[in-house]
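Please take the sequence and the model together, and follow the paragraphs below with both in view.

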Amino acid sequence: MQIDFHYYCIFVLAFHAGFEKEQARIIAYSSQYVDDATESRPINLEQFPLDPIRTAYYSLKAYNWDVQKKIYLPFHFLPPNPLRSTKSFTYITQPNSYFAKILLKEASEKKIENWLYRLGTALHTYADTWAHQGFSGRQNIENDVEDINLYEREKWKHRLWENIFLDALPMIGHCEANRFPDFPFLTWKYKNYKNEWIERNNTQIFLLATKTIFEELCNITKRRRTSWQQLEGTVKELFLFDVDVNKRCKAWIERFPKIFETQEDIYDKIAWRKEALGTESERNYQWDDMPPEKFETLKFKVKEDFFNSNWVNFQRAAFLQRNFVLYNLT
């Protein structure tokens, strides 16, 4: 899933489930920032270092088991069950799994500090159990993908050159399936590592994920603003919009103008960084593709209320989720 789901769809669902708008924004931003939190080295804050939690990784270092264990498994490819038996355990993600349910339940306890950030972070992982079903966060043959076909104009089309290219990628997550599991409008099929044909209608999968998440959020608030029946048609229409992700995001904004009414409601991945950290250069917030040696030279000032900022609260929420998942996989 991409930003149109993790931020815009989650924002809509949280608001219509009964959260106040500011709460819904925090939940949605935390959900999407899981895909954008690339900070992993200590950040120099005046007289002390801050060691943030990285929840996204897109490089050859994905081959590293430490990355797979600390990023992919806890945030994007959750195993279906805690490690309680070596006979039944599998790393392969399953939709709405037992582990995903207990993760969401643990994150939604209101008595826990910063629970809205934890809820948003957990919702990212929970949603990904539908999109990433059939794949795992480790490098393994179970992530082998062959013979990808897309359903276009009422017939299957084999993607010859894409299959040749993708087959050379590492068997980690859905690398060999490219972004096909993340597109809400796509119907496609492939052969898995067991040589079985797996056919997937992403629109139906995403709709089921959306309905389940909405009901879970309604159970938390007990004060829904809208029924699922009132939302379903619009959500399905938006999922079927076969355009690039930026245009899909714009479509969500246009269909729900009362929710996305100010610039603050539009996702900006550096907004929480800027709110929490002080620096002389705007470029210093754009650290996603910055070389490690450059990143280590950045110096920031501690802004007022820094330790209660959205960005710091997200870091704490991500830390707690990672620890919770890894504890249950030990």
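At roughly what angle do the axes of helix α1 and helix α5 cross? In this predicted model, the axes of α1 (residues 3-16) and α5 (residues 115-131) come within 11 Å and cross at roughly 110°. Because angles of 65 to 115 degrees count as roughly perpendicular, α1 is described as roughly perpendicular to α5, and the crossing of the two helices is right-handed. On the α1 side the residues that meet α5 are Phe 5, His 6 and Ile 10, while α5 contributes Leu 123, His 124, Ala 127 and Asp 128. In general, an α-helix has 3.6 residues a turn, so residues three or four places apart point the same way.

Helix α7, which covers residues 202-221, can be checked by its length: at 1.5 Å a residue its 20 residues should span 28 Å, and because its end C-alpha atoms are 28 Å apart, the expectation and the model agree. This helix is mostly covered, with 14 of its 20 residues buried. At its start, a side-chain oxygen of Asn 201 reaches to within 3.1 Å of the backbone nitrogen of Thr 203, and just after its other end Lys 222 takes a positive phi of about 65°.

The side chain of Glu 39 makes a polar contact of 3.2 Å with the side chain of Trp 287 and another, of 3.0 Å, with the side chain of Gln 315. Leaving aside residues up to four places away in sequence, Glu 39 also touches a set of residues that includes Tyr 33, Pro 52, Ile 53, Arg 54, Arg 273, Phe 295 and Trp 311.

Asp 288 lies in another loop, the one between β7 (277-278) and α11 (292-295), and at 18% relative accessibility Asp 288 counts as buried too. Which side chains are joined to that of Asp 288 by polar contacts? One is Lys 269, at 3.3 Å, and another is Arg 273, at 3.0 Å. Not counting residues up to four places away in sequence, Asp 288 touches Asp 36 and Thr 38 as well as Lys 269 and Arg 273. Arg 273 therefore links the two descriptions, because contact means heavy atoms within 4.5 Å, and Arg 273 is listed among the residues touched by Glu 39 and among those touched by Asp 288.

Terms used
Residues numbered from 1 in each chain as written. Predicted model: local features only at pLDDT ≥ 70, side-chain atom pairs only at ≥ 80, totals over all residues. Heavy atoms only, no water. Helix = DSSP H or I, 4+ residues; strand = E, 2+ residues; numbered from the N terminus. Expected span 1.5 Å × (residues − 1). Buried < 20%, exposed > 50% of the residue type's maximum accessible area, 1.4 Å probe, protein only. Polar contact = N/O pair within 3.5 Å; in protein donor to acceptor, adjacent residues only side chain to side chain. Axes fitted to C-alpha atoms, helices over the stretch in contact; angles between N-to-C directions. Parallel < 35°, antiparallel > 145°, perpendicular 65-115°, else oblique. Left-handed = near helix turned anticlockwise from the far one by under 90°.
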